[in-house]
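Here is a friendly walk through one model, meant to be read with the structure open beside you. We begin with a single loop residue and then widen the view.

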Amino acid sequence: MIPAGFDYVRPSSVEDAVAALAGGGEDAKVLGGGQSFLPLLRLRMAYPSLLVDVGRIGQMRGIRDDGDALVIGAMTTHHQVLTDPLVREHAGLLAAATATVADPAVRHRGTFGGSLAHADPAGDLPAVALAYGVQLVVAGPGGRRTIDAADFFVDYLQSSMAHDEVLVEVRVPKLGAGWGFHYEKFQRTAQAWALVGVAALVKRSNGTIEEARVGLTNMGSTPVRAAAAEAALAGANATAEAVAAAAARAAEGTNPSSDLHAAADYREHLARVLTRRAVGAAAGI
Amino acid sequence: MQLEHQFTVSVPRDQAWDVLMNVEQIAPCMPGATLDSVDGDEFAGRVKVKVGPIQVTYAGKAHFEVADKEAGRAVISASGRESRGSGTVKATIHTQLHDQGDSTQVDVVTDLDITGRPAQFGRGVMVEVGNKILGQFTNCLEAQIHAGQTAAAAPTEAAPGEAAAEGGAPKLAAVPPPRPSAEAIDLLETAGAPVLKRVLPLVGALLAIFLVWRLVRRRSH
């Protein structure tokens with residue numbers, strides 16, 4: 001189908017974008033790479049009165065090193081993120097997970113910020129953002145503010161941004177030495193959303209796992225951390241048995257849904273199995 | 001498919017039934033719903049549901065097949081259609097009130113039939129969002145009940161549902177017993193609507209979520 005009618009503006013600065021959103025009211029919507037939003041328009045499931053296309057705002061693109069964090073512009077495409085040497089060096093999990101997103105065509109237009117703002121729990125990047133504990137910088141009529149990843153994903157397709165705010169950039173903290181990573185994604189077909197995905201960051205020193213962070217994809221209405229598994233891994237021996245015991249708690253506190261692709265109990269089973277694999281790989285076991 | 005929801009309100013069963021029968025009182029508790037018309041025991045309304053960027057508006061009708069106050073049981077038949085699409089929905093909603101002394105447990109079992117694109121998709125998020133909306137509704141309902149308890153207490157005893165004792169399609173605009181207050185009169189005029197008003201939005205919301213799920217899963221192909 002073709003979308004329903006809408007007004008369209010393409011501002012060239014963040015301030016102009018915010019002004020356009022504020023002026024457009026509740027039904028104004030930001031258009032990023034369009035890879036999630038355009039299908040909604042074409043299926044006539046969304047009826048924005050105004051589209052604010054932020055594709056021309058140079059300030060929102062690019063990746064730079066800011067000392068203790070990488071700053072990734074919201075409009076940086078998935079392809080740019082996964083091929084960037086800074087990301088590969090300091091945020092390897094992000095590059096690895098982004099490589100599993102959709103297909104090359106989508107990755108050349110879809111954006112990191114757009115993927116986070118869309119807040120789909122079945123998307124790969126929200127779980128990764130949660131595992132890293134990124135900080136999201138949004139601009140609104142009152143100026144800029146920073147939102148922690150833990151507070152950003154509120155509900156299914158809903159972030160904590162106001163309707164007149166636009167995501168400008170994302171700060172990914174550099175974790176430093178000793179951290180291994182792995183993204184384990186389980187899907188039935190080549191290009192698909194994960195039935196369940198596990199983003200694992202593990203800090204290992206000699207024979208001990210000092211700390212682990214485990215983000216779960218598609219295990220609820222928002223991405224979630226496998227808190228019980230993380231607690232069990234902290235200080236555990238870096239052995240397969242210890243990892244398996246901790247991974248057995250991966251589904252605690254989650255609320256996966258049942259649908260045509262998987263029942264809730266199967267998703268819980270997948271979470272446990274994939275956490276064991278992901279943490280094992282990240283810990284080098 | 002079948003969906004089950006349950007909630008508890010902190011008033012005795014008869015009072016819960018009567019409060020639920022007061023459409024004007026509980027209508028604002030359901031977000032995004034509008035009642036357009038009441039024609040005997042048939043009601044027409046619209047529900048606008050928003051989930052993130054997704055918005056769907058449904059227009060539909062419903063009527064009571066059963067409204068048995070003594071048994072605490074009501075069955076509503078509802079059907080609706082997307083305002084800006086070709087999807088349709090048909091639902092039979094079975095509501096059962098259980099007496100728990102000072103409180104009442106309400107069980108809602110919905111048989112849902114969806115045609116059109118949403119039918120391709122399974123329950124998924126539908127249950128979650130349905131629960132969220134129902135949670136919002138019941139919190140509001142509880143607040144309304146406590147606020148209105150003093151005002152509503154006296155007139156609600158001989159409620160309109162009595163006429164439903166004969167089976168089939170009950171005449172819910174029953175013979176009114178003498179009523180002292182304006183609020184009670186409202187109750188009679190809008191007799192029968194409450195459960196509908198409560199569930200029609202829920203059905204609409206659930207349907208909306210179906211569409212969401214459909215969209216999301218469609219991309220898998």
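Predicted model: local features only at pLDDT ≥ 70, side-chain atom pairs only at ≥ 80, totals over all residues.

Apart from neighbours within four places in sequence, A46(A) is in contact with L40(A), L41(A), P53(B), I54(B) and Q55(B); two residues are in contact when their C-beta atoms, placed from the backbone, lie within 7 Å. You will find A46(A) in the loop between α2 (37-42) and β3 (50-53) of chain A. A46(A) counts as buried because it has 24 C-beta neighbours inside 10 Å. Here a residue is buried if 20 or more other C-beta atoms lie within 10 Å of its own, exposed if 12 or fewer, and partly exposed in between.

Residues are numbered from 1 along each chain as its sequence is written, while chains are lettered from A and ligands numbered from 1 in the order in which they are written.

In chain B, F64(B) sits in strand β4 (residues 54-68). F64(B) also counts as buried, because 24 C-beta neighbours lie inside 10 Å. The two C-alpha separations can be set side by side:

| Pair | Positions apart along the chain | C-alpha separation |
|---|---|---|
| F64(B) and Q6(B) | 58 residues | 20 Å |

Now for chain A as a whole. Chain A holds twelve helices and 15 strands, where helices (H or I, at least four residues) and strands (E, at least two) are DSSP runs numbered from the N terminus. Its C-alpha trace spans about 60 × 45 × 30 Å along the principal axes. Of the 285 residues in chain A, 52% are buried. Among contacts with a separation of 6 or more, 64% join residues 24 or more positions apart.

Chain A is divided into domain 1 (7-53), domain 2 (58-173) and domain 3 (179-283), with bounds from an automatic or database domain assignment. Twelve residues of domain 1 of chain A are in contact with 19 residues of domain 2 of chain A. On the domain 1 side, helix α1 (residues 14-24) of chain A gives the largest share, five residues. The C-alpha centres of domain 1 and domain 2 of chain A lie 18 Å apart.

How many residues of strand β7 (residues 143-148) of chain A are buried? The count is zero among its six residues, and the strand is hardly covered. Six bridges join strand β6 (residues 135-140) of chain A to β7(A), and the two run antiparallel; strands pair if DSSP finds at least two bridges between them. β6(A) and β7(A) form a hairpin with two residues between them, and G143(A) in β7(A) is the bridge partner of G140(A).

Finally, look at helix α12 (residues 264-283) of chain A. α12(A) has 20 residues and reaches 28 Å from its first C-alpha to its last, close to the 28 Å expected at 1.5 Å a residue; the expected span is 1.5 Å times one less than the number of residues. Its buried residues include R267(A), L270(A) and V279(A). The buried residues of α12(A) pack against β11 (179-186), β12 (196-205), β13 (208-217), α10 (227-233) and α11 (240-247) of chain A. Just after α12(A), G284(A) takes a positive phi of about 70°.
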